[in-house]
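I opened this notebook to record what I looked up in the structure. The entries follow in the order in which I made them.

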Amino acid sequence: METVINKFRKVAPKAALLVAVAAGAALQGCSGIEGADSASTATAVAGDAASQVYVAPGKHDELYTFMSGGFSGQVSVYGVPSGRQLKVIPVFSQNPENGYGYNEETKAMLNTSFGFVPWDDLHHPKLSRTDGMTDGRWLFVNANNTPRVARLDLKTFETAEILEIPNSAGNHCSPYPTNDNEYVLAGTRFSVPINVEGDGKYEDVNFDEYKDKFRGSISFIKVDKEHGDMELDFQILVPGFDYDLANGGKGPSSDWVFFTTYNTEQANTLKEIGASQNDKDFLAAINWKLAVKYAKEGKAKEMPAYYYHNKLDEKTHIAKSEVKKSVRILRPEDCPGLMYLIPVPKSPHGIDVDPTGEYMVVSGKLASVIPVHSFSKMLKTIENKDFIGNVGGIPILRYESVLQGEVKEPGLGPLHTEFDDKGNAYSSMFVSSEIVKWTLKDLQVKDRIPVYYSVGHLVIPGGDTKKPYGKYLIAMNKITKDRYLPTGPELAQSAQLIDISGDKMKLLLDFPTIGEPHYAQAIEASKIAPNSVKMYSLEENTHPQATKKESEARVERNGNEVHVYMTAIRSHLTPDNIEGINEGDEVYFHVTNLEQDWDVPHGFAVMGNNNAELLIMPGATQTLKWVPQRPGIFPMYCTDFCSALHQEMQGYIKVSPKGSKTPIAFSTGAKKPKG
Amino acid sequence: MKTVSRLLMFLAAISIGLLFLFPMWKIFVQAPQYPEGLQMHIWVNKISGNTEYSLQNFNILNHYIGMEKIEPDSFKELVYMPYIVVFFMVTGVLVALFNLKRLVLPWVVLLMVAGSAGLLDFYMWLHKFGTNLDPHAPIKIPGMTYIPPFIGSKNLLNFHAVSLPGTGSAGIGLAILLGLVVYFLERRRQSKRLNLNS
């Protein structure tokens, strides 16, 4: 008895304290709006969430997630479930951090028919596929503003290739790979005048001629099976709507690709009203296999065009631009069976095909239901010629004949849908800020979970393939407001990780992302990690200005151009004392990183350079241009903390006044450099 | 010699050939920033590592403490050792082939002497490299030397070094062992025969 009382005596003060703290917290919670918010957030997070997202230090994540960087023009890579950012891959934007788009090797990557474009708006990453499944080889991404499609190599996590898309404006409906990467398709968001009858060049057009002169285009980019190299095979000239998103069929629907359209009203001004008049817009169904067949048969008409194709050579690491002068055009009116229009509730966004390939789910952000169309019914409707009209000869199928059913009262502003491995679909609701889970079997809503706030796309690992990995869902939100510590008017963009393994969705984690995460792709780490390159082979480096031994380091003058053939290895630059350079010279530092070890990049920068730095991976060569603007002594140094003697990895360049006759001289240490 | 002995002698001679297939000695080093480790492999005719660039990476690390650059070309041992190995293989085979019983023991003893000389030479290398440090080295720790362990493990600054004989050395060991077996087998046989004769 006594012991029990003693125990109680010991515990009682602690219990009292706990009660007091809890009461205090509750009172605070009631006192302010912010407190109330955080309390509601806390209830939305499952109790064991922390352990589900905890990846112990030194351990690897289960999945890679590639997120579009939106207006940053880049792709960011995250580990999931931890939400740790692993890398930012520059694609369409210059990146001073590693010299992408600044150094001589990669400048050409950003060449376009409009000249050098240092930025873009990157919306949709799509992983390459083999047999309808992600294979971890490449990532395709689109540039929305200046139409381009890029291919990223997932061995090196570098942008390998950028292809400009002619006859396109606002390359939003892009890029969509077919099930075996045969083609990557890209549709134009803005319709524009396409002078297919004439010489391809712009002829004066007035805005009120929109309906007659403006056209959309769907580009068929052929992908090399082995190396991934892209080539614009042909384009389909389509009615002058806005093409929004697309997705390829699977299984029985493998030969088809579906595109959502809006502004079927063909308004050219105040589109928020003008493009929202028709009760229904269209889902465009295109038989891509048939398109390829027609193009092969010579139905595609060659027309003049002007666009750039930029490729990074794997061995030299030098990007080269090629200017293309023509494109082949296929017209649906010449190609029976190529294209059909299926009515869908107005202004649809996402079109997503379920893992079986039978259902096409269309999310119309202004619609009150989510229509689910049936592929087999579509084929039957075509067979029965159950058409309700046509647009320029393209048949419009009867809505009711194609429709499998509608998901009733799903929420407000359905935007995009992906699938798990158990027959469930998950739709993002932009307006009501929630994710809604429903089943394909009976189209009934099963669960809903709030997200913070205004979710755009969502991604489920493999959720757009024939066998989803499931387990997690990531919501990509447009607005964060009070979710993080404030950072002035411009706030973090956000992703939210949700556990979808059980009946009920569970919020696990918020993590901020770069730019605006429009869409993402997630893939098992095991499909990428084993192939990740640790360094480049110095032996295989075929860069024409590579310096493979310190004994070959040198400085050469050619008129007012000076070429410095420099090497970097722990912990010195060779040469590190350079003279004979004059004010106004064009100096090119070709720096080769001689290291052949894992995770030993060297950086390179020169004082006052109107340029970025170099970040040179082991075995690679990169070139930095510098035009010294005044005489003096200019320090240069390694910018990446490479070793214990990194701070000593530096040197000097002496710049003489314009017109000086100082001879070129260079050295490292007291002796002449030895290899 | 009996057929079995001749066969064993032949095997002894051939097993030395392992030296051409595997390193004689391996030095493993590990440090916090080298979780994957670095390995130096010493062969009869070359110095290599677990990757193509191991030697370069060893030299980069060693230059901080002023250790002389390890350049395989500067070791004349790597040039003449293969001849010695071939010599032992050929003579071993000849002993087996021509039944030169009396030469078995001298062959084994000579091999042991050569092996010991090799070990001694290796130990001297380690000592030379570990102590012959450039006075201008960036990292100088008074009294510190960097002799890698001859056999076993040792901590050298941030590195944990382990040095062990490789499969190639096991070839020599095997050859000595088999040679001795042949020698004793034959001696026993001979003494039996002597007993019978008496």
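**Entry 1: chain A as a whole**

I began with burial and found that 50% of the 675 residues of chain A count as buried. I note here that the model is a predicted one. I then looked up the secondary structure of chain A, which has eight helices and 46 strands. Its radius of gyration is 29 Å, close to the 26 Å that the globule rule gives for 675 residues, so chain A is as compact as a globular protein of that length.

**Entry 2: the contact between the chains**

I turned next to where chain B touches chain A. Seven residues from chain B and seven residues from chain A take part in the contact. On the side of chain B, helix H3 (residues 54-63) gives the most, with three residues.

**Entry 3: H5 against H6 in chain B**

I then examined helix packing within chain B. The axes of helix H5 (residues 104-131) and helix H6 (residues 167-197) of chain B come within 9 Å and cross at roughly 155°. With angles over 145 degrees counted as roughly antiparallel, H5(B) and H6(B) are therefore roughly antiparallel to each other. Their crossing is left-handed. Among the residues that make the contact, I listed B:Trp107, B:Leu111 and B:Gly115 of H5(B), and B:Ile176, B:Gly179 and B:Tyr183 of H6(B). By class, this contact of H5(B) with H6(B) has twelve nonpolar, two polar and one charged residues.

**Entry 4: H1 against H6 in chain B**

I looked up a further partner of H6(B). Helix H1 (residues 3-15) of chain B packs with H6(B) at an angle of about 160°, the axes being 8 Å apart. That angle makes H1(B) roughly antiparallel to H6(B). H1(B) passes H6(B) in a left-handed crossing. The contact residues include B:Leu8, B:Leu11 and B:Ala12 of H1(B), together with B:Gly179, B:Val182 and B:Glu186 of H6(B). I divided the residues of the contact of H1(B) with H6(B) into ten nonpolar, four polar and one charged.

Notes:
Residues numbered from 1 in each chain as written. Chains lettered and ligands numbered in written order. Predicted model: local features only at pLDDT ≥ 70, side-chain atom pairs only at ≥ 80, totals over all residues. Axes fitted to C-alpha atoms, helices over the stretch in contact; angles between N-to-C directions. Helix = DSSP H or I, 4+ residues; strand = E, 2+ residues; numbered from the N terminus. Parallel < 35°, antiparallel > 145°, perpendicular 65-115°, else oblique. Left-handed = near helix turned anticlockwise from the far one by under 90°. Contact = placed C-beta atoms within 7 Å. Nonpolar A, V, L, I, M, F, W, Y, C, P; charged D, E, K, R; others polar. Rg over C-alpha atoms; globule rule 2.2 N^0.38 Å. Buried ≥ 20, exposed ≤ 12 C-beta atoms within 10 Å, placed from the backbone.
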